[in-house]
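Subject: Structure handover

Hello,

Here is the structure for you to look through. My notes follow below it.

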Amino acid sequence: MSSIWVIAKREIKSLFISPAAYIVLGIFALLSGVQFLLSLERFDQTLQQAKIQAQLMKNPEALSFINLNGMLISNVIAFGYFLILFTIPAVTMKLLCEERNNGTHELLLTSPISAWDIVLGKFLAGIVFFLAMVATNALFLIVMFKYGNPEPGPVLAGYLGLIFGGISFISIGLFASALTKNHIISFFTSLFISLVLLMIGWAAGSTSGHLSEFLQQASITTHFETFNKGLITVSSIVYFVTLWIFFLSATRVAVQSMARN
Amino acid sequence: MIKAENLTKTYGPYTALHNVSFEIQKGEIVGFLGANGAGKTTTMRILTGFYQPTSGTASIDGFSVTEQPDEVKKRIGYLPELPPLYPEMTVESYLEFVLELKKVPKQFRKQNLEWALEKCGLLDRRRSIISTLSKGYRQRVGIAQAVIHKPAVIILDEPTVGLDPLQIIEIRKLIHSFSNEHTVLLSTHILSEVTATCQRAIIINLGHIVHEQKIQDLSEKKSLEEVFLEVISKDFAMQEKAKLTEISKKVSSV
C-alpha cells in the first residue's frame with residue numbers, strides 16, 4: 001500500500017500544478033454550472049405553470065408531479081456524465097505516457113516496487129483528481145438543499161453512479177496512456193473505448209432478444225442510469241468493478257511490457 | 001558483486017547480445033567500452049532487471065536478476081542514458097520521492113538527502129525546478145537519484161554524454177569518489193573516460209565481449225586507444241570471415 005501511495009502522492013502533486021488540469025477542472029465546473037442554471041430555470045417555469053394549472057383546476061395533486069430530484073438533480077448529474085466522457089481522457093492521457101516521455105519508467109521499473117503499485121498509484125491519483133472535479137458540484141447541492149427539499153437518497157445514488165462511471169473512464173484512460181508515448185493518441189484511444197462502451201447501448205435498440213439484452217447490459221450508460229434513477233443494484237456494482245479490474249489488469253500487462261521492449 | 005554468465009538477448013531476428021560473461025568485484029569501478037549499438041545499454045538494462053535476458057543469467061550480490069528481481073532492485077542504483085527526471089518537480093522533492101520509492105527507512109531519509117545533495121554539488125539548487133536546470137545539473141540530479149539510497153552497485157549509462165569539459169571533469173571526480181564503498185559499472189564510448197575513472201575496461205563489440213583490460217597494465221607504449229582499435233578491428237575481421245565462410249558453405253552446397 002505504501003508504494004501505491006508514494007506513486008499516487010507524486011502524481012497528484014504533478015496534476016495539481018499543471019495548467020491543463022485547471023483548464024479541465026474549470027471547463028467541468030463552468031459547463032456543469034451553466035447546465036445547473038438552465039435546468040433550474042426550466043424547473044422554475046414548469047413549477048409556475050403547474051401552480052397556475054393547479055389553481056385553475058382546483059387540483060393540488062398536479063403539483064406532486066413536479067419533482068426536484070427527477071427534473072433537476074438527475075439532469076445535472078446526467079450532464080456531468082456526458083462531460084466526464086471528454087474531460088477524463090484529458091486528465092488520464094498523461095498518466096503513464098508521460099513516464100515514458102520523461103524516461104522515468106526506467107526509474108520506476110528498476111525500483112523495488114511492483115507493476116501493480118505503479119498502476120494502482122496512478123489510478124488512485126486519477127480518482128482523487130476526478131473527485132475534485134465532482135466536488136465542484138457541491139455548490140449546486142448546497143443551493144438545492146438550502147432552498148428546496150430534494151430526497152437525499154436518489155441524489156446520493158446519482159452521484160455514486162457518476163463517480164463509478166468516472167472511475168471506469170479513468171481505468172480506460174489509464175490503459176490507453178500505457179499503450180503509447182503520444183498524448184493525442186492516448187486521448188483518442190481512451191475516448192474511443194469509452195464511446196464504444198456507451199454506444200453499444202444504442203445498438204441494443206435495433207436488435208432483439210438475447211443480443212439486445214446483452215448489448216444493453218454491456219453498456220456503461222445503462223448502469224449509470226440505473227444509479228441516476230436512485231437504484232443501487234448489485235448487478236450494476238458488479239459491472240463497474242469488473243470493468244475496473246479488467247482495464248487495470250490490462251494496464252499492468254502494458255506497464256510490464258514497457259520494460260521488455 | 002556483479003556476475004553475468006552467457007547473457008544473450010535477441011530482439012526478433014536481431015541479436016543484441018551474444019554470450020556475454022564477466023565478473024566485477026566489490027569496490028571496483030569498471031568501464032563498459034564500445035561503439036554505439038554494441039550492446040552496452042542492453043547489458044545494463046538486464047543487470048538492473050529492466051530487461052529479461054533471452055538466455056543466460058546475471059546476479060547482483062548473489063541475487064539472480066531474473067529469480068529475485070526485488071532483492072536486486074534494492075541493491076542497485078541506475079542512471080539510464082536519459083536521466084529519469086520529472087521536469088515539474090524541484091530537485092529536493094524529486095529526490096525525496098526517489099528515497100520513498102527505494103524504500104529507504106524514514107529515519108535515514110533526511111541524512112541521505114543531505115549527503116546526496118552535497119556529494120553531487122546540488123546544495124544550492126535544491127529548490128530549483130528541474131526543467132530550469134542546465135544539462136550538467138540535470139545529469140547531477142540523475143546521478144544523485146542513482147546513489148541516494150547508497151546502493152551496493154551503481155550502474156551509470158553514459159554519465160558524461162553531452163556535457164562540457166568542465167562538467168565532465170566534475171562528474172568523473174564524483175564517480176571516482178564512489179569507489180571502495182560502492183561497486184560501479186559505467187558505460188561510455190569515450191576512451192579517455194575509462195582511463196580517467198576506471199580500474200578496468202570491458203570492451204564490447206557487436207554484442208559480445210572482445211577484451212578485458214586492466215588500466216594499470218597499460219603502458220606508454222600501448223594506450224587504451226591502441227588496444228581498443230586492435231581488438232575491435234580483429235573482431236570485425238573475424239566477423240567478416242565467419243560471414244564469408246557461411247556464404248561459401250551455402251554456395252558450395254548449391
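The largest nonpolar core has 124 residues, and Tyr94(B), Ala144(B) and Ile155(B) touch the most other members. A nonpolar core is a set of buried Ala, Val, Leu, Ile, Met, Phe, Trp, Tyr and Cys residues joined through C-beta atoms within 7 Å. Buried means that 20 or more other C-beta atoms lie within 10 Å of the residue's own, with C-beta atoms placed from the backbone. Helix α8 (residues 152-179) of chain A gives this core its largest share, 13 residues. Helices are DSSP runs of H or I with at least four residues, strands are runs of E with at least two, and both are numbered from the N terminus.

This is a predicted model: local features need pLDDT of at least 70, side-chain atom pairs count only at pLDDT 80 or more, and totals for chains, interfaces and linings use all residues. Residues are numbered from 1 along each chain as its sequence is written, and chains are lettered from A and ligands numbered from 1 in the order in which they are written.

Beyond its neighbours within four places in sequence, Ile155(B) is in contact with Met44(B), Leu47(B), Thr48(B), Ile76(B), Tyr78(B) and Leu185(B). Contact means C-beta atoms, placed from the backbone, within 7 Å.

Chain B has 8 helices and 10 strands. Of its 254 residues, 43% are buried.

Between the chains, 22 residues of chain B are in contact with 17 residues of chain A. On the chain B side, α2 (69-75), β6 (76-79) and α3 (91-101) each supply at least two residues.

Regards

Notes
Buried ≥ 20, exposed ≤ 12 C-beta atoms within 10 Å, placed from the backbone. Contact = placed C-beta atoms within 7 Å.
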